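Here are some exercises to work through with the model open in your viewer. Try each task on your own, then compare your steps with the solution.

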Amino acid sequence: MTEYIKAKAFREMFISGANNLQNNKDLVDKLNVFPVPDGDTGTNMSLTISYAMKELAKVEEDDITKISKAMSKGSLMGARGNSGVILSQIIRGIAKSVEGKEKLSTMDMAKALKGGSDTAYKAVIKPVEGTILTVIRETSEHAIKIAKKEKDINKFLEKVVKEANISLENTPNLLKNLKDAGVVDSGGKGLALIIEGFYLASIGKAVEKASKEKEELKNVSISSSDYSSSEDIKFGYCTEFILESDKIDDSKIRDIMLGYGDSLAVVGDEGVIKVHVHTNEPGNVLQEALKYGQLLTIKIENMRMQHENILEGLSEESYQEPVEEKEFAFISTSMGDGLDSIFKDFGVDCVIQGGQTMNPSTEDFMNAIDKIHAKNIFILPNNSNIIMAANQAKELSDKNIIVIPTKNIPQAVSVLVGFSPDATVEENEASMLDALSYVKSGQVTFAVRDTVMNGIEIKEGNIIGIAEKEMIAAGDEVDDVTTKLIESLVDEDSAIITLFYGEDVTEEQAEELREKLEEKFEDIDIELYYGGQPLYYYLISVE
């Protein structure tokens, strides 16, 4: 009988759980409620836990506290999508619970799962039952009961896996959308796979990674219309490092680093401190940091050289911050070159590529925040599945970040139109939030499987029209479905219909549709823009 989990076994359990999820991420992706080509829960959870594994690989000692802290930090920074953010909070709660322990009993493991559940629930403003939250809560509650009688780790985990799957199978009874679609909750499935990986490792059948995961491609494009001479750059080296220390906290290291330069950003979490500073003395900065602990990562970039590359058109990804701090700045996600141009025309400082098929991570937002020199930074997530990662970045940053919960591109455009550089940050936030209620939005894409939603029978390959997460129309012709969708959005107060056409629609096709719409809606202005977004034929707003 195995009564305790020691550090080495604890590490192997999490690696096995991560591999089990990553090997089955396509299965989890397919459990998307909506039959649209953007099922990404498995991808988001897989990328989130892969960050945790990268941090774990840096820990050489078999120490439960160090192992759990590494996984917590990695998953926190790598969190993508709502499911990824919730998973990162579950891992964070587990890490807190096992801190300081040299070995774990069944009750320790049960309390760790309960800690993960409690932390995840606190992170969600409006918890929805029938999701990953339900699965972790019910599983942890049963784990506590099991641990009171079962001291054998292997038998304990076997029973916990069974309870996790029972909870998962019940999710359609708690959430109507799941029942209508005939699927279990995708996030809950991802969690059940991780717990199953724990169990398999405990009985000597640890899950190996089926194939090497592709390196995650970060595609953060940043634009600025204010480039000055490289001679105007006061501090020439962008210096970033992560310090592991039990001798100093983030506030004290921030005070020290203030003497070395500007554009300082310091984020601390559980003895790990991330520092970003622009300085002329990168060597001295690192030597100073080494007085308090070890450096986990180091990155130094010559900003003067990068700036010259920008002016010569040799580097599209480099970015030079204005010498003077701006009052306002914007970060927005986008998913098409046409939409990128629209956001840049509105003065958005940083455009992060990501949307329906690839949600940006918390770290992507942190990197963007670090590169912007402004007193107030507004983030427009433009997708309901990205809002939590943006808010997590807000909590980690010491800058004044305001997340406007835009759920789509039309809402973001409406928000930007209403922005006033002469208003206060509070006034702008209020007007932006107010603007969200004035725009109705819709999307036209194609179905990836057969289903019935909102009384509409949908076949794989059908063109479908969706408004505010509600299925409105399905058919074989893009123009017909788009027109039906717009009809459902228009009312007597509607004044403007805006269409952003995607990469699979030609300009000629889009113009023909606009002409038909102008005949149908004579009293409403029809505006047409090239968005270039993949997968979605049209993004639509009605105001």
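**Exercise 1. Find which residues Ser-167 is in contact with, leaving aside neighbours within four places in sequence.**

Solution. Keep in mind that this is a predicted model.
- Step 1: Locate Ser-167, which is found in helix H8, residues 153–174.
- Step 2: Check its accessibility. The relative value for Ser-167 is 4%, and the cut-off for buried is under 20%, so Ser-167 counts as buried.
- Step 3: List the partners. Beyond four places in sequence, Ser-167 is in contact with Thr-134, Val-135 and Glu-138.

**Exercise 2. Decide whether Leu-133 is buried or exposed, and find what it touches.**

Solution. 
- Step 1: Leu-133 has its place in helix H7.
- Step 2: With a relative accessible area of 2%, Leu-133 is buried.
- Step 3: Follow the chain to Ile-86, 47 residues away from Leu-133 in sequence; the two C-alpha atoms are separated by 7.9 Å.
- Step 4: Ile-86 is also one of the residues that Leu-133 touches, and Ala-120, Tyr-121, Val-124, Pro-127 and Val-128 complete the set once residues up to four places away are left out.

**Exercise 3. Describe the largest nonpolar core: how many residues has it, and which have the most contacts inside it?**

Solution. 
- Step 1: Start from a general expectation: in soluble globular proteins, nonpolar side chains tend to be buried together.
- Step 2: Here the largest nonpolar core has 77 residues, and Phe-10, Met-71, Phe-156, Ile-331 and Phe-365 have the most contacts inside it.
- Step 3: Helix H7, spanning residues 132–149, gives the most to this core, with eight residues.
- Step 4: Another core lies apart from this one; it has 25 residues, including Leu-485, Leu-499, Val-505 and Ile-540.
- Step 5: Zoom in on Phe-10. Setting aside neighbours within four places, Phe-10 is in contact with Ile-5, Ile-64, Ile-67, Ser-68, Met-71, Val-98 and Leu-104.

**Exercise 4. Find how many of the nine residues of helix H15 are buried.**

Solution. 
- Step 1: Select residues 362–370, the span of H15.
- Step 2: Go through the buried residues of the helix: Thr-362, Glu-363, Asp-364, Phe-365, Met-366, Asn-367, Ala-368, Ile-369 and Asp-370.
- Step 3: Nine of the nine are buried, so H15 is largely enclosed by the rest of the structure.
- Step 4: For context, 57% of the 543 residues of the protein chain count as buried.

**Exercise 5. Characterise how helices H19 and H20 pack against each other.**

Solution. 
- Step 1: Two packed helices are described by the angle between their axes and the distance between the axes.
- Step 2: Apply them to H19 (residues 478–489) and H20 (residues 507–520): the axes come within 11 Å and cross at roughly 40°.
- Step 3: Assign the hand of the crossing, which is right-handed.
- Step 4: Identify the residues that meet. H19 brings Asp-479, Thr-482, Thr-483, Ile-486 and Glu-487, while H20 brings Leu-513, Lys-516, Leu-517 and Lys-520.
- Step 5: Sort the residues of this contact by type: three are nonpolar, two polar and four charged.

**Exercise 6. Find which residues Gly-475 touches beyond four places in sequence.**

Solution. 
- Step 1: Gly-475 lies in strand S16, residues 470–475.
- Step 2: Its relative accessible area is 19%, and Gly-475 is buried, since the cut-off is under 20%.
- Step 3: Gly-475 and Ile-463 are twelve residues apart along the chain, with their C-alpha atoms separated by 5.3 Å.
- Step 4: The residues touched by Gly-475 are Asn-462, Ile-463 and Val-481.

Definitions and conventions
Residues are numbered from 1 along each chain as its sequence is written. This is a predicted model: local features need pLDDT of at least 70, side-chain atom pairs count only at pLDDT 80 or more; totals for chains, interfaces and linings use all residues. Side-chain values use heavy atoms; hydrogens and water are left out. Buried means under 20% relative accessible area, exposed over 50%, partly exposed in between (1.4 Å probe, protein chains only). A nonpolar core is a set of buried Ala, Val, Leu, Ile, Met, Phe, Trp, Tyr and Cys residues joined through side-chain atoms within 4.5 Å. Helices (H or I, at least four residues) and strands (E, at least two) are DSSP runs, numbered from the N terminus. Contact means heavy atoms within 4.5 Å. Axes are lines fitted to C-alpha atoms, for helices over the stretch in contact, and angles run from 0 to 180 degrees between N-to-C directions. A crossing is left-handed if the near helix is turned anticlockwise from the far one by less than a right angle, and right-handed if clockwise. Ala, Val, Leu, Ile, Met, Phe, Trp, Tyr, Cys and Pro count as nonpolar, Asp, Glu, Lys and Arg as charged, and the others, Gly among them, as polar.
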